[in-house]
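Trainee: I'm new to this one. Could you pick the place where the two chains meet and take me through it closely?

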There are 2 protein chains.
Amino acid sequence: MTISASERTRVVRGAKRSITEQQTINAILDAAMICHVGFVMNGYPMVIPTCHWREGDKIYWHAHSKAKNIVQTDDQQVCMTVTLMDGLVLARSAFNHSVNYRSVMIFGKAQEITDEREKTRQFKLMIDKFSPGRWDQLRPITKTEVKATGLMELDLTEVSCKVRNEMAVDEVEDVSWPVWAGVLPIEQQFGNWQVNTDTTADYALPNHPDLDQ
Amino acid sequence: MTISASERTRVVRGAKRSITEQQTINAILDAAMICHVGFVMNGYPMVIPTCHWREGDKIYWHAHSKAKNIVQTDDQQVCMTVTLMDGLVLARSAFNHSVNYRSVMIFGKAQEITDEREKTRQFKLMIDKFSPGRWDQLRPITKTEVKATGLMELDLTEVSCKVRNEMAVDEVEDVSWPVWAGVLPIEQQFGNWQVNTDTTADYALPNHPDLDQ
């Protein structure tokens, strides 16, 4: 995904969002594997990392039923933040150092999904996000497993998006200061796959998503 | 850093922490470049991504003075969460899929640091975390810049740490299910450095930290 410098630190919410802005938000959400879900518990802030996935204009995450700290946010206000760190921005002054990043914040009331059929459909979307086509290769999910897994849904209605994707921006009088300035891009990739030690036969390697950062 | 499987999902807090546990926590905090700071604003949860750095048993982050959403947490309860995503764990059942990760949550009241000398000393620590030795090469920071940058401090007293670092763990009866199982490690690295286009001379490339994920 390419975002021009002019889109730097754009903040957009709700109805004011254009198709391009929506596409930018969706691309960030789909590229990221983890999010941080924030909520208020007994008056205290709590921020939990988890995996998310998107379908249309809704975002989902799950938790084991025991993890009440996530599932009890049903109908509570949450703030889900997704951040992709793209590079270190080294300027000539400490003050103008920065990072290139893409970040989305989603605000709203989370709803717990309890319908077995819908939960199963969503869990398939999740598995296939992380390894396309894998769901159909797995030992089929059981009703007990579906029941034991909580599923949360959040509308992509109140959303803000911030992107920085440019070189260091220095004061004019600092540009000739004798130090290297520029960007150290940060890239993410898959390492060597590690087959489970309890494997009893050779199977085809799984598909995996592209990592764009 | 190597963490044995036995340390999986360990949670440790305060006085019960051993030296090894403290070293694990510090290593995660030092390896991560960004954190997510959660706090309560007008009753609503807010989760902001930012860069952090550590000195001894305290963690720090900064913000432009305009970014009241961070600095106004002075003396408010915050939850800072730091997460390193290390790999996708592909099991034979959807239910036993997981991720390998290292995560630290820090709870407490954030304090704003206002002393100019201490702020300047901390900003040096931050710059040198991201590019060791760089501070001394930069155009010196001004009093105005120090004043314009808010600095927050949080004690590493109430801390929980969770780590998962192992293969897929399947039900015994699933192990022979005919599908690949194992771990897809996720690695982070620096890409090709991009020198600023307004550069007027050749300068030595900056130092940079090792990325251990």
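Mentor: Let's go through the contact between the chains, starting with some background on one of them. Keep in mind that this is a predicted model. Chain A is built from 4 helices and 10 strands, and along the sequence they run α-β-β-β-α-β-β-β-α-α-β-β-β-β. Of its 213 residues, 53% are buried.

Now to the contact itself. Chain A brings 81 residues to it, and chain B brings 81 residues too. On chain A's side, Phe95(A), Arg139(A) and Trp180(A) lose the most area to chain B, together 11% of what that side buries. How much area is buried between chain A and chain B? About 7,300 Å², with carbon and sulfur atoms giving 66% of that. If you wonder about quoting an area here, the size of an interface is often given as the accessible area lost when the parts come together.

Between chain A and chain B you'll find 4 salt bridges. One of them pairs Asp174(A) with Arg139(B), whose closest N and O atoms sit 2.7 Å apart.

Which parts of chain A supply at least two residues each to the side touching chain B? They are strands E1 (34–41), E2, E4, E5, E9 (182–190) and E10 (194–195), along with helices H3 and H4 (143–148). E9(A) gives the most, with 9 residues.

Notes:
Residues are numbered from 1 along each chain as its sequence is written. Chains are lettered from A and ligands numbered from 1 in the order in which they are written. This is a predicted model: local features need pLDDT of at least 70, side-chain atom pairs count only at pLDDT 80 or more; totals for chains, interfaces and linings use all residues. Side-chain values use heavy atoms; hydrogens and water are left out. Buried means under 20% relative accessible area, exposed over 50%, partly exposed in between (1.4 Å probe, protein chains only). Contact means heavy atoms within 4.5 Å. Buried area is the accessible area (1.4 Å probe) that two parts lose on being put together, summed over both. A salt bridge is a side-chain nitrogen of Lys or Arg within 4 Å of a carboxyl oxygen of Asp or Glu.
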